[in-house]
Amino acid sequence: MTEFEDDAAIDLPHERSFLDATKFLEQNTNLFEQQQLLQLYGLYKQATVGPCNIPKPGIFNVQARAKWFSWSGLKQLDQDSAKKNYVQLMDKLQPEWNKVQPNASSSSWVSVSLPKREEEKPEGPNSLLDYIKEGNACGVQKVIESGKYNQQLNMLDDDGLGFIHWAADRGNAEILRCLLNSIGIDVNLQDCEGQTALHFASSCGNIECIQLLLSHNADQTIKDENGLSCLDVAFNEKIKSLLY
């Protein structure tokens, strides 16, 4: 089970403790050191998603790579054990966590990928993100035409990425074209680290995706939180020649 699918499952003691622990962390990140947040992040992703299913970020994405390694290193741990380990680690780091009232805290770069209580997104095997990851352009087009995602095309997921970032990272020009032709899509949407789809396509060397983004007036001057533009992260000289 990868999600809390029914009330009976949530009523299990360790399931309830896991949910409560994630809520506590979400509102009290200032009580933890960065390395501790990374450990909890990895366990959370393993518990809710399973083994790491995203590509390793490029060398310029230091923060994203740290989170990736924290999650990827737990691939042998089953989801139920990950939930129990999460609670055990919370008990060790903050023994009184379940007796403390939630408090607002300062933000942390790790916290962007911790569980957020946002507007519920459509889930299931036919979700837009599933189709993007599968490379199913027909599925992507069908879901977009259904209108279910009209208000969510520019939302960032728990990994701090938008649909357009996933498409550019996967290098699937057909899927990227479907998204770019959607009403309301932001071609310059920035992820949790300030990178646009053009950053992703440039760093991955996806020429067709780069050309598509440029044809839709993607802004080449946008810099991420490290001050890097798409040109700065370009895969090679050939990619750089497409820019500017």
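Phe24 and Phe32 are both buried, where buried means under 20% relative accessible area, exposed over 50% and partly exposed in between, with a 1.4 Å probe and protein chains only. The model is a predicted one, in which local features need pLDDT of at least 70 and side-chain atom pairs count only at pLDDT 80 or more, while totals for chains, interfaces and linings use all residues. Residues are numbered from 1 along each chain as its sequence is written, and side-chain values use heavy atoms, with hydrogens and water left out.

Rings of Phe, Tyr and Trp (its six-membered ring) pair if their centres lie within 6.5 Å, and planes under 30 degrees apart count as stacked, over 60 as edge-to-face and the rest as tilted. By this rule there are six aromatic pairs. One of them joins Phe24 and Phe32 edge-to-face, at 6.4 Å centre to centre with 80° between the planes. Trp68 and Phe69 also form an edge-to-face pair, at 5.1 Å and 85°; Trp68 counts as buried because its relative accessibility is 15%, whereas Phe69, at 44%, counts as partly exposed.

A nonpolar core is a set of buried Ala, Val, Leu, Ile, Met, Phe, Trp, Tyr and Cys residues joined through side-chain atoms within 4.5 Å. The largest one has 42 residues, and among those that touch the most other members are Leu128, Ile132 and Val140. Leaving aside neighbours within four places in sequence, Val140 is in contact (heavy atoms within 4.5 Å) with Leu128, Tyr131, Ile132, Ile175 and Cys178. Apart from this core lies another, of 16 residues, including Phe18, Phe24, Leu37 and Met90.
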